[in-house]
2 protein chains.
Amino acid sequence: MKVPFNQVFYTGEEMEYIKDALARRELTGDGFYTRQVSSLLEKKFGINKVLMTTSGTHALEMAAQLADLKPGDEVIMPSFTFPSTANAVMKQGARPVFAEIKEDTLNIDPLDIERKITGKTRVIIPVHYAGIGCEMDRIMELAKMHGLMVIEDAAQAVNARYKDRYLGTWGDIGCYSFHGTKNYISGEGGAIAINSSNPIIIKKAEIIREKGTNKAQFLRGEVEKYSWVEQGSSYLPSDLLMAFLYAQLNQLEEIKSRRRIIHDYYTEQLKNYLDSGLIRGITTVPGDCDSNYHLFYLLFESEKIRDAVIFKLQRSGISAVIHYIPLHSSTMGRRLGYKAGDLPITEKVSNCLMRLPLYTGMKKEEMEYVVAKLREIFKEL
Amino acid sequence: MKVPFNQVFYTGEEMEYIKDALARRELTGDGFYTRQVSSLLEKKFGINKVLMTTSGTHALEMAAQLADLKPGDEVIMPSFTFPSTANAVMKQGARPVFAEIKEDTLNIDPLDIERKITGKTRVIIPVHYAGIGCEMDRIMELAKMHGLMVIEDAAQAVNARYKDRYLGTWGDIGCYSFHGTKNYISGEGGAIAINSSNPIIIKKAEIIREKGTNKAQFLRGEVEKYSWVEQGSSYLPSDLLMAFLYAQLNQLEEIKSRRRIIHDYYTEQLKNYLDSGLIRGITTVPGDCDSNYHLFYLLFESEKIRDAVIFKLQRSGISAVIHYIPLHSSTMGRRLGYKAGDLPITEKVSNCLMRLPLYTGMKKEEMEYVVAKLREIFKEL
């Protein structure tokens, strides 16, 4: 049997909506389906204003511009994240300051955030790893105390909650991804959630997204011509992709429960290996959190064991993979002055973490095969 | 009769390719159809390396990063262009220096480029207005003489030539757009043409496009893991959009000749008004150029006449529109220190230019209706 790491899931309605989008002949940004999906996200998650973007990366770039980051400013974020979190900040000339993660959730450690706040700190970017929420109440309290802005990198965390609120709605701004590897997809795509009701921020976001023009105001009849009023880029996704996404978001809960079944099966079958001397961590959803079951990981006792398991799974046709190379010790991180050894938990996690196959359409026999093979491998080790 | 300004044209194969893309389950960037369209563009236009992008704007942003523009650098470009040309340069902290256009083609004037070259000039960005080429031989000569890089903003100029070479292939880099309003479309989308065969530039382009990671090298098996090596963004279009574009590019010449018919009809029917005292300019393709017939404009003797004609056409159900508000005299241009009066030809053109409806699927009776109504209006004026 071949078990891929990930596989695109179709709800079955995608082609129908794409056909309709073609019939409407509105294929550029902000057409009919863009309005449908942004309004759906606003209502479902309780967001003041959602603007769809060309990617999660671009949602982060917009957020960094909205935060008005400037050279000299510092932004605290985990090192255990995708490069886009840091790139967005550096595009504004600001400096990423990498904080340590916690071993239980692999999310940023509020204690380390606090240690790293200086007079130059302007923003905190918590990243909700695996769709499991950071301790947003503590982070928001810290931000309030020090007058900082909070941008949630909720790329993996669409339709997940921390306490009573959806991820992406705690901070001033939340950033979502609908990349083909996520739970809900549009091929490439994302969204920025603006939780502030400040009309100035929303207007600025519209301008940045529309190539620095006031076209959004023009389309509403508020100005007679539209022109260049600000620095901006092009962050509008084609309505064709939003038609596809609409089909996916129509099964928001269905997709989540399908993933939960796989997640719960893995947990049930594998948690007893925590005492085996092989594994020292496994995806765990804290009581405060409602996960979207984006991914399932095992943390091994050593890199050597991890690599051996990945290799053996591969030989059985199962694609299990590592995750982030820490940003601070990467080529670019070293150029920023960081070095290996700066964040020991992050480095250990990166070296010992393996992600198991988990995709919405995963069949029962596929899950069972993965677990059976893992059991065999663990017995051999 | 209602005649829109623009309308999406389908070749008829779009749904077939989209269905196939869905079946391939590669909906993120750089899938099967991305490879098809980039290879088609490379072969057809004779480009060393084409990388598809999320928009023409993003192709320009990539080009500005590849030029390694820095604060203090100056970039010469027309003011009569879309804000993306200038935004791309400003994202790097460099300064747009606006040059005057020529009245015959509305393209940048090489004489004014020469006047505006200083010790700080690093790049020239000619913009091929209406799909009609700038004087690329003279511009390349100027660039060579002063050691400058040339980035062609060929957003409107896919499948058009200046002398013996396609637009976008004269400069070091060319930028194309496949936005829904262009001749060949993918909803939102673009491409960067790298004419240099320097492997360092191509590798850097791949990294910038892939969120600052060396994933392209990883996928080719050149490195074992991919990680953060450079500043970058996410410029990969979904393969779904590239499947759509493939259908369009398969009719590259067919689409061009359909547009040529409309263009030639307008020219034939309207050129005699040049002596009427109403019109002082009309889209003209110089002998050196092969146009792609992207748009058709009339330049009126005054803004008052232009506005009256637009208003009267509108009342007859015909949507004719103005074009660029000059960048130098816009809100953002004034913030850069420019003012109204700095570029008189540009300002006059902007005030007096009207674009007529022109779209690939335009029917004979629609063209005839536009011309008939124009004749009536001209008689009344």
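This is a predicted model: local features need pLDDT of at least 70, side-chain atom pairs count only at pLDDT 80 or more; totals for chains, interfaces and linings use all residues.
User: OK, on to the fold. How many helices and strands are in chain A?
Analyst: The secondary structure of chain A comprises 14 helices and 13 strands. Its radius of gyration is 21 Å, close to the 21 Å from the globule rule for 381 residues, so chain A is as compact as a globular protein of that length.

User: What percentage of the residues is buried?
Analyst: Of the 381 residues in chain A, 62% are buried. As for contacts with a separation of 6 or more, 68% of those in chain A come from residues 24 or more positions apart.

User: Let's zoom in on α6. Which of its residues are buried?
Analyst: In α6 of chain A, which covers residues 136-146, the buried ones are Met136(A), Ile139(A), Leu142(A) and Ala143(A). They sit on the same side of α6(A), because the arc they cover around the axis is only 125°.

User: What do those buried residues pack against?
Analyst: Their partners in chain A are α5 (110-116) together with the strands β4 (121-124), β5 (149-153) and β6 (161-162).

User: Which exposed residues are on the face turned away?
Analyst: That face of α6(A) carries Glu141(A), Lys144(A) and Met145(A), which are exposed.

User: What phi does Gly147(A) take, just after the helix?
Analyst: Gly147(A), which comes just after α6(A), takes a positive phi of about 65°.

How values were computed. Residues are numbered from 1 along each chain as its sequence is written. Chains are lettered from A and ligands numbered from 1 in the order in which they are written. Side-chain values use heavy atoms; hydrogens and water are left out. Helices (H or I, at least four residues) and strands (E, at least two) are DSSP runs, numbered from the N terminus. The radius of gyration is taken over C-alpha atoms; the globule rule is 2.2 Å times the number of residues to the power 0.38. Buried means under 20% relative accessible area, exposed over 50%, partly exposed in between (1.4 Å probe, protein chains only). Contact means heavy atoms within 4.5 Å. The arc is that of the directions from the helix axis to the C-beta atoms.
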